[in-house]
Amino acid sequence: YNGTRQCYLLLDGGQTSPRVTDVQNTQWGAEAKFLIAYYHVSILRKYGPCPSVDDTCNPNIALPEMPGRSHYDYVTDYIVNILDEIMPDLPADRSGSEWGRASQVVAKAVKARVLLYAASPLWNGNTDYADFKNTNFETPGYGLELVSQTFDANKWERARRACQEALDFAQQLGYELYKPTTFAELNSMPAGPEKDFKVHVLRMRYLVTTRPNETDNNREIIFGLPSQGSIIASWPHRVLQKSNGDWVSGYSGIAPTLNAIEQFYTENGYLPAEDPAFYPQDEWFQRAEAGSEIIKFHKNREPRFYAWIGFDGGEYGVKMKQGQPVILNFKSSQSHGYNPDLFNRDNTPTGYLSQKYIHPRLEITSTGSNNGGQLEAHRPVIRLAELYLSLAEAQAMVSQHLGTNYKTQALNNLNEIRDRAGIPKLTLSEFEQDPMKWIRQERFAEFFQEGQRY
């Protein structure tokens, strides 16, 4: 709400400045309104029904005079109306140093997201919220109610249209799923299934560590932060010992749970517990081979698992340790394992680490320096893969509740993501058994550590 107030101050005072041109005033005003909408999206995601603030609001307002929460659907419409209003005043896209500022493609993607959430079972006829009501503040047209108690299938159709519009518009602008196949790390490797698999692993690592510039040509990330920020919290302890005897260490703190690990598919494209070709569950935590530190649960998994998860006996990074990957050893207290005397509270409590956002070319030298200056990348907030999966979800729900059959289209959108990830496509007969299960499982794996995998 502090950010919202800053935006309204700009809107209230921008036109009075003689140094602001009409073009700037129009575009900056549209950007300020976009941020007002986006801040409300963020609050809505975190807290559900929330106050909708449409002016600067007196900072000294008395508590009894503060606006109460508005109905979830009211806030959704408030956001969508702002985005629709400003759309003509925004450029279609941004590039170069302006990347990350509001544009039409970003606004359409945000609109698609907020309408998908509004259609979901969380807020669309959720009777668990029957007693969640205001006591002394009424939302215009909704009274004291905060969450609709009646399921409305038309909300899914509204979401479907918004998702389709956002995806079509992004593709018209040249956005596409990140699918490079040539990586310097594999130049000397002979062609074959192993190389094909490693291409998919590197593809998923570079997806979240490259930019939409001429060098990287990543045209998937529609909206994001301009830099990754510090990623040392993800690093393991004792990455390498420097020439002076000291150690380069991370905080070993970004620790995926076992539940998250279970949601990544096998190489066959099924959950480990549901793949008849995978190891039986009572063997998961046995050594895969005599003398190996790798357990069966970590063998024969999909590329995203190896791209983003660090596990005992596995590789972390590609060139991180003076041009070589770090081989994780969580069993040793003198290496990457638990040692409160050496590492204080810093330790993975789950036995896993995340290596999502670790650039494949990140290299630390014997002096402790690294080449991080060339590794600045965007932190994705919205990427094209979300639009594919959101559209598939809306299409599946419209097919289920409104009679228009979009199941084939939904399957095709889902398979775009599976194919890019390097797992087999689903057949229509498999998909039709439980479309929502497949779509939501895919979101869980695809958006691991991006804040929206649920």
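Predicted model: local features only at pLDDT ≥ 70, side-chain atom pairs only at ≥ 80, totals over all residues.
The way helix 1 passes helix 2 is a left-handed crossing. On the helix 1 side, the contact is built from Gly3, Thr4, Cys7, Tyr8, Leu10 and Leu11. These meet Trp28, Gly29, Ala32, Lys33, Leu35, Ile36, Tyr39 and His40 from helix 2. Sorted by class, the residues in this contact come out as nine nonpolar, four polar and one charged.

Helix 11 (residues 407-421) and helix 13 (residues 435-446) pack at an angle of about 35°, with 11 Å between their axes. Their crossing is left-handed. Helix 11 brings Leu414, Ile417, Arg418 and Arg420 to the contact, while helix 13 brings Trp438, Ile439, Glu442 and Glu446. Here the class count reads four nonpolar, no polar and four charged. As a bit of background, two packed helices are described by the angle between their axes and the distance between the axes.

Next, the cysteines. As for sulfur-sulfur links, the structure holds zero disulfides.

Finally, the backbone has a couple of spots worth a look. Most residues other than glycine have a negative phi. Asn217 is not a glycine, yet its phi is positive, near 55°. Asn217 sits in the loop that runs between helix 6 (193-207) and strand 1 (221-225). Tyr357 is another such case: this residue is not a glycine either, and its phi is positive at about 80°. The loop that holds Tyr357 lies between strand 7 (353-354) and strand 8 (379-383). Is Tyr357 buried or exposed? With a relative accessibility of 3%, Tyr357 counts as buried, because the cut-off for buried is under 20%.

Conventions. Residues numbered from 1 in each chain as written. Heavy atoms only, no water. Left-handed = near helix turned anticlockwise from the far one by under 90°. Helix = DSSP H or I, 4+ residues; strand = E, 2+ residues; numbered from the N terminus. Contact = heavy atoms within 4.5 Å. Nonpolar A, V, L, I, M, F, W, Y, C, P; charged D, E, K, R; others polar. Disulfide = S-S within 2.5 Å. Buried < 20%, exposed > 50% of the residue type's maximum accessible area, 1.4 Å probe, protein only. Axes fitted to C-alpha atoms, helices over the stretch in contact; angles between N-to-C directions.
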